[in-house]
Amino acid sequence: MQGVLLGCFYAAVSIGLSVAFGLLDVPHIAHPAFVVLGSYGTWLVAGRYGWDPLVSGLALTPVFFVIGVLVYRFYYETFEKRGTDTGVRGLAFFFGVAFIIEVGLIIGFGVDQRLVDAPYIGKSLELGEELRVPMRMLVAFGTALALTVLLGLYLSRTFMGRAIKAVAQDEPALRLMGANPVRVKQWAFGIATAVAAVAGALLIIVGPVEPSMDRVYIGRTFCVVVLAGLGSMSGTLVAGLILGISESIVLTLLGASWAPAVSFGLLLLVLGVRPQGLFGR
Amino acid sequence: MTGRRHYGFWIAAAVAVALAATAALTLRNEYYFFAGYIVLQFVILASAWNILGGYCGYVNFGTGAFFGVGAYTAVLLIKSLEAPLPVQIAAAALVGGALGLGTGMLTLRLRGIFFSIATVAVAIILQTVVINWRYLGGATGVQILKPAPLAPFDNYVKMLFVIAVVLAVAAVAIARYIETSWLGRGLRAIRDNEEAAECTGVPTLKLKLIACAVSGALMSAAGAPLAMYQSFVEPASAFDLNYSVSALAMPIIGGTAHWIGPVIGAVLLGTVQQLVQVNISSEYNVMVVGVLLVVFVVGAPEGITGLAQKLWRRFGR
């Protein structure tokens, strides 16, 4: 049960990466750092205006959308256009960005953990004698589910969503048909980053947040995205569930100190055995 | 590559070792050796990273893992056998080489980014294993007693400094050998176009595995003396992400195409880091690395050596 809730939450954190890396092929290892940035943004907004953290996270999405568009534009101009995005440089760039965000947060906020307050945090729902579900997990679960389903629908039903999928499938073809693939990708990357803001709000609802948290989530998000098969939205949900359940099993059997190794171990396993993932193209 | 240039390199290397040894025997201030050791450690890590990252184009984010494995191999040997330092370094190199080979076999068939993520994975998994390994001190770390320094050194840090010089020279020599031999040509072919290389008969997987193992062995060898240097090892500092970032930033800043690039990057960045750490704070110290990395990747992808070459072509003649 815990695993299912956790799994949906992981899917929500990973779904932005699923778009950026899975569909757009951008080696976006700074994604978890953006999620943590979203958490701190949520903490700031929620603290200043006294809003619900979820509302604060939603309020941040336009800002993050713009940041995402700018980051992609910059990435495109400096790397993709010159054809130097493959291999070392693109990766080093995003690694550097992630590092700057992390250290910037440490300098700005210190290494202390931050948390938010909301009426549903700290309460739990009792389902029978033994089974108690913390409300914060339920809120995260509901939002995560909604987010994943909405993004999946957006990509399959709307014009822009289909354009994003088209750009992932065959970019030269899109160009030949007179569309501008760069603008589509820019839009998609903006959405991926905007989703990271909501994921950040969920992250700080689920538990306290500290700047170096993005490291563990590099493993979790990439594990989910690779396990799902690059770019598959429904796969992301399933893969998130698999990770969440296996993590909570390890947690109860071996203890909390082994938890970070689960996602990375699973990732190595998937890479070694079935690199195209469960629902791979 | 003519014979004369080989002589030049080896003479310079011998002079460097001799200078370091005389300095260690005559100079008094311990701090310079303390700081110098760190810079040398980064020369080794940067050169090792460049063998795979620079020549071959496969980005290793897990330098910290190899470094930490080296340090903990040394700890294990000290605790169980009280093995001397050279044995520790050799054993660490072996373990690191095996680790590199293993990681490579698992992921080098895939696209580059999967290798990079797998190295992050290896780093976190190994750190978790060490944290849960009681015998090695777990999360709190383990205390190591420094033995008496061997003659002719009067101080252990100075002795480690000279050992680091020797290791650094060895690392640079290995990197240089790989760069100028058939290995380097093959690796460059892989970096520029892996499919074309495979088609023209370059044994890509074999070359990548060799590069991965050599690079890993050197990184672990660099980590082995850490136990003695700090006389205290804990997982968080031995597997520190800063090693990974620095080992990647230094070659990129110095220039990845030539063996001197990582050396320039490591000496420059290592010294700046020491200055910032002493004068400002350790957070800004890592910030400097991150910002410089992004600035160079965007603005001067060929690094300092590339910039120097450009200037030379324009104004030198």
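Axes here are lines fitted to C-alpha atoms, for helices over the stretch in contact, and angles run from 0 to 180 degrees between N-to-C directions. Helices (H or I, at least four residues) and strands (E, at least two) are DSSP runs, numbered from the N terminus. This is a predicted model, in which local features need pLDDT of at least 70 and side-chain atom pairs count only at pLDDT 80 or more, while totals for chains, interfaces and linings use all residues. Residues are numbered from 1 along each chain as its sequence is written, and chains are lettered from A and ligands numbered from 1 in the order in which they are written.

Within chain B, the axes of helix 13 (residues 260-279) and helix 15 (residues 303-315) come within 8 Å and cross at roughly 110°, which makes helix 13 of chain B roughly perpendicular to helix 15 of chain B (65 to 115 degrees; under 35 is roughly parallel, over 145 roughly antiparallel and the rest oblique). Ile260(B), Gly261(B) and Ile264(B) of helix 13 meet Gly303(B), Ile304(B) and Thr305(B) of helix 15, where contact requires C-beta atoms, placed from the backbone, to lie within 7 Å.

Between the chains, the contact takes 32 residues from chain A and 35 residues from chain B, and helix 4 of chain A gives the most to the side of chain A that touches chain B, with 13 residues. Helix 9 of chain A also packs with helix 5 (residues 112-131) of chain B, at an angle of about 130° and with their axes 10 Å apart, which makes helix 9 of chain A oblique to helix 5 of chain B.

Conventions
Contact = placed C-beta atoms within 7 Å.
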